[in-house]
Amino acid sequence: MLKGALLGVGNVAVGGHLPGWRSRAGVEIVAGADARPERRALLHKSFPEARWYDTAEDLLARETLDFVDICTPPWAHAALVRSALERSIHVLCEKPLILSPEELRGLPALAADKDRTLCTVHNWLHSPALAQMTERVRAGALGDVRRVAWETLRDQPAAAAGDHDNWRVDPARAGGGILMDHGWHALYCLSAWLPGEPRRVAARLETRKHTQWKVEDTA
């Protein structure tokens, strides 16, 4: 039985990760952490015996684990990933994995040195529709792929637990607006469909409508 802990009990954890772990044999979530005590009841609906901590750091210091599932806002990812790997714990982390090249530096090497998995949640690629698309592209059913266009239209930010304080519109916690929040999905899907590695990456970020927030709404 693999023992794991959930770091962050927000919407994505409650709606996606906890049901996923409940459906897995050979896995048990033995602990969870969140700064909001009201989230404790949501963890215990799925795993009643799980121990509760008010901080992820306290959990990591006290628990003996095989893996952690990091579902905190993005600003906390890099430090928690590093802390878990240093303790020889496997890591599953919500996207975006990190917010800058500097935060990524050394993490793959640390995972390799500890012989532990470091995996980012790229869930869209595993959805039935996109998984079928990937299979058809790689089988050559569409011929040689030279160009891919991806368009997403939204009229508001994605939801977060406690929308009165939506971290997705706070650049310090989210790392950016629509590009970091949704563009991450587009980029890993396009990377799976296009041949080779990118030679150049360019973006234009704009705030066209939602000027009340300090993040871009258009990329």
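I began with the S1–S2 pairing: strands S1 and S2 run parallel over 6 bridges (pairing needs at least two DSSP bridges between two strands; strands are E runs of at least two residues, helices H or I runs of at least four, numbered from the N terminus). Within this pair, leucine 2 sits opposite valine 27 of S2. I followed the chain from S1 through helix H1 (residues 11-22) to S2 and found a right-handed β-α-β crossover (with the strands pointing away from the viewer, the path from the first strand over the helix to the second runs clockwise).

A note on my source: this is a predicted model, where local features need pLDDT of at least 70 and side-chain atom pairs pLDDT 80 or more, while totals for chains, interfaces and linings use all residues. Residues are numbered from 1 along each chain, and side-chain values use heavy atoms, without hydrogens and water.

Next I looked at the other partner of S2. Strand S3 (residues 51-53) runs parallel to S2 with 3 bridges, and alanine 33 has tyrosine 53 in S3 as its bridge partner. S2, H2 and S3 also form a right-handed β-α-β unit.

How many residues of S2 are buried? I get 6 of the 7, so S2 is largely enclosed by the rest of the structure (buried is under 20% relative accessible area, 1.4 Å probe, protein chains only).

Last, I checked arginine 39, in the loop between S2 and helix H2 (40-46). Arginine 39 is buried without a salt bridge (Lys or Arg side-chain nitrogen within 4 Å of an Asp or Glu carboxyl oxygen). Its nearest side chain of opposite charge, aspartate 34, is 5.2 Å away (Lys and Arg count as positive, Asp and Glu as negative; His and chain ends are not counted).

How values were computed: Buried means under 20% relative accessible area, exposed over 50%, partly exposed in between (1.4 Å probe, protein chains only).
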